[in-house]
Amino acid sequence: MAEFLKQIKELGEEVFETLQHKTKLSTIFDLFLEKVIPTFVSEKDLKEYYEKRTEEVDDFIDKL
């Protein structure tokens, strides 16, 4: 029983570390999207790109 509880504790720690890492990556990615990309791509081009990608995702979902 003690071994089982130890494994659950270790699993919880691994999940927590993974979530922390993903949160940091998400924050870095958000910062990149908000600050870096707009410096060399116009807002109009970004809007067109995301509209096109959204349509592609919608089409993919409809095919499922």
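Q: Which residues make the nonpolar surface patch?
A: This is a predicted model. In it, Met 1, Phe 4, Leu 5 and Ile 8 form a nonpolar surface patch of about 470 Å².

Q: Where does Ile 8 sit, and is Ile 8 buried, exposed or partly exposed?
A: Ile 8 belongs to helix H1, which covers residues 2-40. Ile 8 has 44%, so Ile 8 is partly exposed.

Q: Which residues gather in the patch of negative charge?
A: For charge, Asp and Glu count as negative. Here the surface patch consists of Asp 45, Glu 48, Glu 51, Glu 55, Asp 58, Asp 59 and Asp 62.

Q: Which helix holds Glu 48, and what is the relative accessibility of Glu 48?
A: Glu 48 lies in helix H2, residues 43-63. Its relative accessibility is 41%, so Glu 48 counts as partly exposed.

Q: How is a pair of aromatic rings described?
A: Two values are used: the distance of the centres and the angle of the planes.

Q: How many aromatic pairs are there here?
A: The count is one aromatic pair. Tyr 49 and Tyr 50 have ring centres 5.2 Å apart and planes at 75°. Planes over 60 degrees apart count as edge-to-face, so the Tyr 49 and Tyr 50 pair is edge-to-face.

Q: Are Tyr 49 and Tyr 50 buried, exposed or partly exposed?
A: Tyr 49 is partly exposed because its relative accessibility is 45%. Tyr 50 is partly exposed too, with a relative accessible area of 41%.

Methods. Residues numbered from 1 in each chain as written. Predicted model: local features only at pLDDT ≥ 70, side-chain atom pairs only at ≥ 80, totals over all residues. Heavy atoms only, no water. Patch = residues over 30% accessible without salt bridge, like charges linked within 9 Å, V, L, I, M, F, W, Y side chains within 5 Å. Areas by Shrake-Rupley, 256 points an atom, 1.4 Å probe, with all protein chains shown as cover. Salt bridge = Lys/Arg side-chain N within 4 Å of Asp/Glu carboxyl O. Charge placed at Lys NZ, Arg CZ, Asp CG, Glu CD. Helix = DSSP H or I, 4+ residues; strand = E, 2+ residues; numbered from the N terminus. Buried < 20%, exposed > 50% of the residue type's maximum accessible area, 1.4 Å probe, protein only. Phe/Tyr/Trp six-rings, centres within 6.5 Å; stacked < 30°, edge-to-face > 60°.
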